[in-house]
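Please open the model in a viewer and follow the selections below in order.

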Amino acid sequence: MVLGWTRRRTGHGTKKKQPRDLDMEALIPNHFLCPISLDLMKDPVTLSSGITYDRQSIDTWLEAGNFTCPVTNQVLRNFDQIPNHSLRRMIQEWCTQNKHYGIERVPTPRIPVLPMEVSEILFSIGASARRLDQHGCLECVHKIKKWGAESERNKRCISENGTASVLAGAFDSFATDCIKRNATVCEEILSALSWMLPAFDEEAHKYLGSQASLHGMVWFLKMSDDLSVKQNAILALKELLACHDRNKHVDALAEIGGVNEVLFDFIREKISPTITKASLMVVFYLVSSSSSSSSSSKSSEKIKSAFLEMGLVSILLEILVDSERGICERALGVLDSLCDFQDGREKAYANALTIPVLVKKILRVSEMATEYSISAIWKLCKCASSQEERVLVEALQVGTFQKLLLVLQVRCGDDNTKEKTTELLKLLNPYRAGLECIESVDFKNIRRSF
């Protein structure tokens, strides 16, 4: 079989031209090729069927739910993968002998981490956390991060063996003691947790949702000068609020001073796309939370009022004028949630960008963005008082009616969106005479696949 590595050699160093180019090609022995990918094996392993494959290829095969050997079609007695060191050394020697063809030597692969090794290191982390032993816990966390950096297989093995809950418990222990004194070890724990998202189980949520852990994460958001630390903290906070039982976490966050201000600053300053998106999601969870208890309701109202007083509606509209899809969807979600209550709608009415920007995003960003835009416009139009009926006129002037008709025609959105679209058309219809601006309709993206 012929390898795709080719070196073309010409007569360098001489003035006389060569009559023709000489193609140099390396032939790979068939037993060096993975039967699945037909590529040179880098980490050959042998299954119980006796057939050798490249580890990455056979991992993909087994993870897809297959229980047979790809070559023999035999049902595998077990999923053990025995490293074929002899074959790997032969491949390395062949690469060295053919390096003049531009072939690089296959590096010696690292042995994948085993579940038992992960369990042992997690036991040590738990013991160190109970003793508040920063040094011992740091060594273990560094070892986990090192394993994870070696391969995706190691990351899966680490995540699937309860690492997130143990690390979250350690973070809670050190944060309870003193977040400032234990800042270094807590930073490393958040860094390790960041690549386990969204593999947080119920126990991890319980530890990260404690008052001490929440204070610790907010402290990093406010006090850390390291951008990566801020990012890890906001990602953990976003994952925590994404759980089904977010209302109690919202109440706890509302009691922490400065959390609203730091989230607002992250959105306004746009220091990094990841932090901006995560901050928007955290704010979305905060302003859209609902609970039957009076204390939770008061906390939610307090949070919404704080964001409105800081000028969040204006910041969101400025972001929506020119932002990429992910940020745009999240900003529209927050704006739609703020339009659920009177103070939020008043801020939206007072901003001249509100209706034009919302209409512009219909059928131009994504299906989710279209749904949020229509929902926000529906709330503004449906709840408009006699003094605020100008919003209906403004909506018609920027081409809302035509876009809503197109939404129904292309069947964009769920049933709830279609109902709101139909009701909006009924609300706008009496004001149509002489007010519509047909030229403002953007047709170019109507057939665009979301």
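Select N73 first: at 58% relative accessibility, this residue counts as exposed. The model is a predicted one. N73 is found in the loop between α1 and β5, and its phi is near 65°, a positive value in a residue other than glycine.

Next, select F67 and F79. How many aromatic pairs does the structure contain? The count comes to 5 aromatic pairs. In the pair formed by F67 and F79, the ring centres are 6.0 Å apart and the planes stand at 40°, so the pair is classed as tilted. F67 lies in the loop between α1 (55-63) and β5 (82-83), and F79 in the loop between α1 and β5; the pair therefore ties together parts that are 12 residues apart in sequence. Colouring by accessibility separates the two partners: F67 is exposed, with a relative accessible area of 53%, whereas F79 is partly exposed, at 43%.

Now move to L132. Where is this residue found? L132 is in the loop between α3 (115-131) and α4 (134-150). Although L132 is not a glycine, its phi is positive, at about 55°. With a relative accessibility of 35%, L132 counts as partly exposed.

Proceed to K206 and Y207, and display their side chains. K206 lies over the face of Y207, at 5.0 Å from the ring centre.

Finally, select F284, Y285 and Y372 together: these residues form one aromatic cluster.

Terms used:
Residues are numbered from 1 along each chain as its sequence is written. This is a predicted model: local features need pLDDT of at least 70, side-chain atom pairs count only at pLDDT 80 or more; totals for chains, interfaces and linings use all residues. Side-chain values use heavy atoms; hydrogens and water are left out. Rings of Phe, Tyr and Trp (its six-membered ring) pair if their centres lie within 6.5 Å; planes under 30 degrees apart count as stacked, over 60 as edge-to-face and the rest as tilted. Helices (H or I, at least four residues) and strands (E, at least two) are DSSP runs, numbered from the N terminus. Buried means under 20% relative accessible area, exposed over 50%, partly exposed in between (1.4 Å probe, protein chains only). A charge sits over a ring if NZ of Lys or CZ of Arg is within 6 Å of the ring centre and within 35 degrees of the ring normal.
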